[in-house]
Amino acid sequence: MHRSCSIFQAELLAIGEACRMILAMKHELAYILTDSKSSLMELSNPASCNSLVNKIFKHLRVAEVMKVKIVFVWLRAHVGIRGNEDADCAAKQAASSKTSLAYDKFPISYVKQHFKTTSTEDKINLYNNENNCKYTKQISPYHEQLELVMRAFPPDFHLTQFYSGHGYHKVYLKRFGITADDECPCDANISQTMEHLIRVCPRFSSTRMDHEIANRMVGISEPYDFQKIIKKETTINTFSEHIKYIIRNLKQYNQT
Ligand SMILES: [Zn+2]
């Protein structure tokens with residue numbers, strides 16, 4: 001089988017082959033002993049959409065016409081039943097043989113995993129392109145680092161404003177024509193960027209101080225180096241609290 005096929009597919013293919021051989025040999029009564037519970041469960045579902053199961057159903061209809069009785073029996077695996085051990089051995093040999101493939105239809109789970117992997121690669125390439133995501137790169141220049149930061153600070157209503165630079169701060173509001181200026185109430189000469197709010201604005205000095213003290217206590221000298229602050233639980237907490245406090249109070253502070 002193709003390497004992308006699942007064990008479930010292998011088991012069903014084998015049961016189908018066993019049916020085909022029973023019909024060819026024209027036995028009146030045959031038992032198929034299998035340790036695959038999942039296959040037997042799928043075979044007990046007459047509405048199954050699985051193509052291998054439908055092939056088995058076709059064999060069973062032919063068997064009925066030919067008055068051949070096929071009985072399925074479940075048996076426990078790896079308890080020393082000789083036929084079962086022989087089948088395991090044959091499966092291992094087949095897995096390393098170089099014969100042509102008997103079956104190569106990959107399962108839907110393989111396709112999903114394949115696209116998940118390729119879309120992650122696309123996302124990383126898009127981020128690492130120098131023309132994209134300029135604001136977020138101030139937090140983390142590389143996508144791999146950003147993933148670590150986002151694991152420590154999972155995006156929510158507050159943190160997404162920090163990650164994206166989109167939200168309640170006045171530089172953003174002015175850009176979209178919601179306010180006439182981008183001045184911070186603390187100083188008319190200062191543009192109210194997310195960076196200003198996080199690092200400088202006196203309105204938010206109390207949570208900023210909590211965060212900076214927490215960093216000093218664990219020996220981190222740069223409290224806005226995200227690769228460093230994500231390593232300690234206390235600094236993760238104080239930074240999250242700082243961001244939440246800013247976003248919660250910003251509309252009122254700006255009177256927007
Ligand atoms: Zn300010």
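## Surroundings of I236

I236 touches A152, F153, I229 and I230, leaving aside residues up to four places away in sequence; touching residues have C-beta atoms, placed from the backbone, within 7 Å. I236 is found in helix α13. I236 counts as partly exposed because 17 C-beta neighbours lie inside 10 Å; a residue is buried with 20 or more other C-beta atoms within 10 Å of its own, exposed with 12 or fewer, and partly exposed in between. Between I236 and H211 there are 25 residues in sequence and 8.8 Å in space, C-alpha to C-alpha.

This is a predicted model, in which local features need pLDDT of at least 70, side-chain atom pairs count only at pLDDT 80 or more, and totals for chains, interfaces and linings use all residues. Residues are numbered from 1 along each chain as its sequence is written.

## Domains

The chain is divided into domain 1 (7–106) and domain 2 (134–254), with bounds from an automatic or database domain assignment. The C-alpha centres of domain 1 and domain 2 lie 60 Å apart.

## Packing of α11 on α13

Helix α11 (residues 205–217) packs against helix α13 (residues 233–254) at an angle of about 170°, and their axes are 9 Å apart. Axes are lines fitted to C-alpha atoms, for helices over the stretch in contact, and angles run from 0 to 180 degrees between N-to-C directions. The two helices, α11 and α13, are therefore roughly antiparallel, the class for angles over 145 degrees.

T207, R208, D210, H211, A214 and N215 of α11 meet T234, T235, T238, F239, E241, H242 and Y245 of α13. This contact of α11 with α13 comprises three nonpolar, seven polar and three charged residues. Ala, Val, Leu, Ile, Met, Phe, Trp, Tyr, Cys and Pro count as nonpolar, Asp, Glu, Lys and Arg as charged, and the others, Gly among them, as polar.

## Packing of α8 on α13

Helix α8 (residues 157–164) and α13 pack at about 95°, with axes 9 Å apart. That angle makes α8 roughly perpendicular to α13, a class covering 65 to 115 degrees. H158, L159, Q161 and F162 of α8 form the contact with I243, K244 and I247 of α13. By class, the residues of this contact between α8 and α13 are four nonpolar, two polar and one charged.

## Positive phi values

K67, a residue other than glycine, has a positive phi near 60°. K67 lies in the loop between α3 (51–65) and β2 (69–74) and is exposed, with 8 other C-beta atoms within 10 Å.

Q255, in the segment after α13, has a positive phi of about 55° although it is not a glycine. Q255 is exposed, with 7 other C-beta atoms within 10 Å. Helices (H or I, at least four residues) and strands (E, at least two) are DSSP runs, numbered from the N terminus.

Key
Parallel < 35°, antiparallel > 145°, perpendicular 65-115°, else oblique. Contact = placed C-beta atoms within 7 Å.
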